[in-house]
Each structure stands twice: as structure tokens, then as C-alpha cells.
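Subject: Structure for you to look at

Hello,

Here is the structure I said I would pass on. My notes on what I found come after it.

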Amino acid sequence: MRHAAGRLAGVATSLLITLFGLVLVTFLIGRVMPIDPVLAIVGDHAPEDVIAQVRLDLGLDKPLVVQFAIYVAHLLHGDLGRSVMTSNLVTEDIARYFPATIELATVAIVLATAIGVPMGVLAAVRQGSRLDQAIRVICLAGHSIPIFLLGLLSLLVFYAKLGWAPGTGRADVAFEGMVPVVTGFLTVDSLIALDWDSFYDAWAHLAQPAGVLAFFSMAYIARMTRAFMLDALSGEYIITARAKGLSALRVIWRHAFGNIAVRLITVLALTYAGLLEGAVVTETVFSWPGLGQYLTVSLLNADMNAVLGATLVVGLVYMLLNTLADSAYRLLDPRVR
Amino acid sequence: MSGAVNREWLLTDAPTSRAQAAWGRRYRLWLDFRANRLAMAGLIVVLALVVCAVLAPWLAPYDPSSQDLTNRLGVPQPGHWLGTDELGRDVLSRLLFGARVTLGMVLAVVITVAPLGLAIGCIAGYFGGWIDTALMRITDVFLAFPRLILALAFVAAIRPGIPSAILAIALTTWPPYARLARAETLGFRNTDFIAAVRLTGASSSRIILRHIAPLCVGSLIVRVTLDMSSIILFAASLGFLGMGAQPPSPEWGTMIATARRFFLDQWWVPLVPGVAIFVASLAFNLLGDGLRDVLDPKQR
């Protein structure tokens, strides 16, 4: 038990150090920008004394170390500054946009797992067959296709040509803001409000971006599952299980798959973290009002507070997921314990 | 006739010189590689891309920036085999010149990142102790960031364009190389031959440069080739998001970003550069897969 506590402390320390690095890097990125933050606020026709005053207010006259300390102090109070573009607090903006991204990424990972894992298992069981080759090609394609091309193609085919899917955005104009916000997930909120039209509309809008994002990560999940399964299937216990006359299904799913489940969880957590990144591009293609789109719009408007805030939050979530994946592996797999 | 003699010379079981042994080994690797059809296809496409990039000024039928406003968004037709864009520029010509931008960016990133990762990894692995801890902590911080998002913030802070895109991609690409080189170095650090070199009085820098780094290069090359496709996608994503190459540069991602507005009606305009990105990235993936199978069979 003491052992576990020690490891927890170790994980916490390394997490803290990495977090510090994260904050330092975002701070430094914010400082190297050529855009003068003072001019961004007051405009370039402001009188000299106003400029000087704002410079003092922002603390830009202080040494860099002091500025960093102030930045950290603000962060600890949950203060990421104000967005120039929306004139809201950045934290408020993030709280508004982040649920849409989580909703998108979650549906995508569920979809990708549901398809990718059986694909990988099948490819491993029939190693070298035509099916295996086909799955390999699909994986390579998924690995090589730019996600924005996939998104544009999907819009072209399913929206413009076939008319199966609604267009971009998160909800139809008619349903915009009709459902009271409880969780921030439109698919859940509409269910809570028992608004079936909204519910249907939310899922219809989600289908395309989530599908595109899922294809992107499905390739990786299938590839890893296949590799793990090949490894597991060559184990001697599998030969034993087969020799005992167990059914093929039981050997594959219970014996082999049961043994790779832990490693697979790690991969899924890492993939989920990666989806946050894939979401930036996907959200831009589908005008999905999530954190990714917030980030790119802020970038194009040189709204540095918003950019750095969003970067920091996404970085934090990404880091936590990575650590979680790592710890889960250590906790669940007795061999690394 | 001389070909057969050469082949014999290369494949002999009893090489008479070091050079013969080395070339024989390379020849056997090549034979292995050649047997892999997908990898060969990848290699051919990559070579074709390089040829397109180098010979773009001679291959392109038009100047990539010459506009013809009477012929905007034209369908693929004789004379304009891949159609024209929103300013009447020939898409094929732009695509060929775009290969220069894309491959140039990939090359620049690789040249920066591979030696840097190699150096950091070898130094950390060889010296161990606090140097290792410090360097790996820094590596971890950069690994902890989602790559694209760090790159976007970085580019936004300086100024969008090709040089800052290269720098941003490099900044987020080196950590895995450092990790890899460190792991390899740890494997060699305590071997007898390194101990022997040390006993002869070789300095640390000589050991790292002459004995450890060359041994790490093989796996690094495989990793770099496999990464090239992700660097291509990365550069294109930055271009697509408006943070990479800026119009009127014929960078493929940027071309898609500007042509995106027309894709519901003139869908071929953004589709052509999109397919180019896909083909280039797939080719590098196939090539990298093949190289890994040949050079590093245990990872298969």
C-alpha cells in the first residue's frame, strides 16, 4: 500500500513539473509575439499617456520573471484574461465551447473503437489473408488522408449530392438555443428536455464530423489491436486453450483478447487525447462551435489571451489523459506493478 | 555480363574487403526491399514527387501565378489538365510548384529535427544522471503538448508563413527522436566495445560522435521516413488553417483553404491538391513501412 502511495507521489511530481513547463511555454509564446498587446487594446490613435498607463496596468514594465509570477498567480485564481474578440472572460468562453468538443470526440472514439477493435482482431486472426490485406490498406489510407479532405469529401457526398446529412454547425437554425443548457452536450440536453426534434437534429449534425474524426482514429486503433492480438495469439497458453478443445470464439475473445484489454485501454486513452487535436481541423471544416474552432478563430484575429487560454486548457486535458493512460496501465497490469 | 559478375561479387559469402562486405549487405537489403511491392510503389511515387519538385519550372505548362480572369474555375480540359482556380491559374502548374514547397518544408524540418533529437538523446543516454533527467524532463514537456495546437500557438505568436511553420513543426517533432536515440544509446552505453574505446582514451564527444550516434542512425532513418507523411499532413493542416504558407503560395494545404469556398460547386478545385497530399503522404508511409521491415525486422 505504501508502495502505491509512493508511486502516486511520483506521478504527481512529474505531472507538476510538466504542468510548470506547459505554463512556461505558453507564457513565453505569449511574450515573443510581435503584436503589441497595448496597441491591441487601445488602438493606434491613443494618446501617449493612455498607452503608458495601459502598459503599467498590464505589468509590461516589470521584469520577465515578475511577469511570469503574476501570470501564474492569475492562473491559480482561474483567470485567463479577457478575450478581445468576444470581450468575455476566456474561462467563460472555454466553458461554453469545450462541451461541444468533448461531445464530438467522445462519440468519435466510441465509434472508432466499435469498428476498429473488431477489425484489428479479425485481421490478426486471419493474418495474411485477403481480409488482413484489405484492413491493412484501409488503415494505411486512414493514416495518410488529411482529415480536412475527408471532411470536405463527406460534406460534398452526404450533404450536397445525396442530401442525407444536414450541413455544417451543431444544430439547425430552427433549433438553435431551444434547449436549456444543463450539461452543454446538445445530445444529452435535448434528451433531458424531452425535445425529440432537437434530439434528432443534434445527432444528425453530429454524425458527419464524428464519423470523419472516427475514421481518422479507427486506423490507429485497428493497427494497434492487430499487433497486440498477433502477440497474444502466439502465446503458449493459447495453444493450450486450443488443445483443450475450447471453441475458437472463446479462445480469441476470452483468452487472447482478455489479455490485451489493458494495453488497449492505454491506446484508447492516448487516441482520445489525440482526438482533441484532430478536432481542431474537423471543427473548422464543419463549423462545429467547439474549442478547436474557437482556437482557430482567435488565432486569425490575433486574440492572444484566447489562444493561450485554449492552448493551456487543451494541453492540460491532453496531459491528464496521457498520465491517466500510463497509470491505468501500471495499475491494471500486474506485470508492471 | 558485368551485371552477373557484380551480383556475384556482392552476394559472395566470403568478402575479401570491408567495402565488399558493406556493399554486399546493402545489396541484400535492397533485394529484400525490392520484393515488397507496396514499398516499391511508395518509393517510385516519392521519386516522382522529387522529380516534379526539381523540374517544376520545366514541367509546368504555365507560370503558377499567371492569372486568366476570363477562365476562372474551369473544368479539367485540354490545355488545363487539372482545371483552373478562382483566379484562372493553372492548377497543374500550381500543383507541381506546390510539390517544391511541401518537399522543401519536409526536408527543412527533417534536417533540423533529426540531428537535434539525435544529439539530445545520445547525450542524455550516454551521460545519464542529472543531465539525463533534465533533458528528458524538457522532452516530456514538449511531448505533453498536443502537437498541432502548440504549433498553431507558436505560429500565431510569430507570424504565419513558411519559415515559422517549419520552425513550429520542428519544435513539436523532435521529442520522439530524442526518446528513440536515448533508448538506443542506453542499450550501447555499457557494452564492451564502448568500454574498450573508453580505455584507449577516447573523449566522451568522440565516443558519442563516432561510436554511439552512428549506431542510432538506422532506427532514426526509419522513424524519419515514417514521420515524413505526418509532417506533410501537419504542414498541409497548418496551411489549411491559414497558419502555414500564405496565399498566393501554391502550398497544397493553402490551395485547399482558398478553394474551400467553391467546393460544393467546383469541387475539383480543392480536391486536386487534397488528392496530392493524400498520395504523397501514403507514398511516404508505404516507403517507411518497407524500410522498417527491411532494416528493423524485429519491429514488424
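A:Ser287 is exposed, because 12 other C-beta atoms lie within 10 Å of its own and a residue with 12 or fewer counts as exposed. Its place is in the loop between helix H11 (248–285) and helix H12 (291–300) of chain A. A:Ser287 is not a glycine, yet its phi is positive, at about 45°. Most residues other than glycine have a negative phi. Please bear in mind that this is a predicted model.

Chain B has a backbone point of its own. The peptide bond from B:Pro247 to B:Pro248 is cis, with omega near 10°. Most peptide bonds are trans. B:Pro248 lies in the loop between H10 and H11 of chain B.

Now chain B as a whole. Chain B has 12 helices and zero strands, and its pattern along the sequence reads α-α-α-α-α-α-α-α-α-α-α-α. The C-alpha trace spans about 75 × 60 × 30 Å along its principal axes. Of the 300 residues in chain B, 43% are buried. Among contacts in chain B with a separation of 6 or more, 67% are between residues 24 or more positions apart.

Helix H11 (residues 252–259) of chain B has seven of its eight residues buried. These are B:Trp252, B:Gly253, B:Thr254, B:Met255, B:Ile256, B:Ala257 and B:Ala259. What covers them includes H5, H10 and H12 of chain B, together with helix H7 (147–161) of chain A.

Helix H10 (residues 204–240) of chain B and helix H12 (residues 268–295) of chain B have axes that come within 9 Å and cross at roughly 170°. That angle makes H10(B) roughly antiparallel to H12(B), because angles over 145 degrees count as such. The crossing of H10(B) past H12(B) is left-handed. On the H10(B) side, the residues that meet H12(B) include B:Gly218, B:Val222, B:Leu226, B:Ser229, B:Ile232 and B:Ala236. On the H12(B) side they include B:Ile277, B:Ser281, B:Phe284, B:Gly288, B:Leu291 and B:Arg292. By class, the residues of this contact are 12 nonpolar, six polar and one charged.

Helix H5 (residues 90–125) of chain A and helix H6 (residues 130–144) of chain A pack at an angle of about 140°, with their axes 8 Å apart. H5(A) is therefore oblique to H6(A). Here too H5(A) passes H6(A) in a left-handed crossing. A:Met119, A:Leu122 and A:Ala123 of H5(A) make the contact with A:Leu131, A:Asp132 and A:Ile135 of H6(A). Five of these residues are nonpolar, none is polar and one is charged.

Next, the core. The largest nonpolar core has 163 residues, and those that touch the most other members are A:Leu104, A:Ala108, B:Leu152, B:Ala153, B:Ala165, B:Ile169 and B:Ile232. Helix H5 (residues 91–127) of chain B gives the largest share of this core, with 18 residues. Leaving aside residues up to four places away in sequence, B:Ile169 touches B:Val109, B:Ala151, B:Ile231, B:Phe234 and B:Ala235.

As for the two chains, 36 residues of chain B are in contact with 40 residues of chain A. On the chain B side, helix H6 (129–144), helix H7 (147–157), H10 and H12 each supply at least two residues. H7(B) gives the most, with eight residues. The side of chain B that touches chain A has 25 nonpolar, six polar and five charged residues.

B:Gly83 is partly exposed, because 19 other C-beta atoms lie within 10 Å and a residue needs 20 or more to count as buried. Not counting residues up to four places away in sequence, B:Gly83 touches B:Gly74, B:Val75, B:Pro76, B:Val91, B:Trp268 and B:Val269. The C-alpha atom of B:Gly83 is separated by 48 Å from that of B:Pro214, which is 131 residues apart from it along the chain.

Regards

Notes
Residues are numbered from 1 along each chain as its sequence is written. Chains are lettered from A and ligands numbered from 1 in the order in which they are written. This is a predicted model: local features need pLDDT of at least 70, side-chain atom pairs count only at pLDDT 80 or more; totals for chains, interfaces and linings use all residues. Helices (H or I, at least four residues) and strands (E, at least two) are DSSP runs, numbered from the N terminus. Two residues are in contact if their C-beta atoms, placed from the backbone, lie within 7 Å. Axes are lines fitted to C-alpha atoms, for helices over the stretch in contact, and angles run from 0 to 180 degrees between N-to-C directions. Angles under 35 degrees count as roughly parallel, over 145 as roughly antiparallel, 65 to 115 as roughly perpendicular and the rest as oblique. A crossing is left-handed if the near helix is turned anticlockwise from the far one by less than a right angle, and right-handed if clockwise. Ala, Val, Leu, Ile, Met, Phe, Trp, Tyr, Cys and Pro count as nonpolar, Asp, Glu, Lys and Arg as charged, and the others, Gly among them, as polar. A nonpolar core is a set of buried Ala, Val, Leu, Ile, Met, Phe, Trp, Tyr and Cys residues joined through C-beta atoms within 7 Å.
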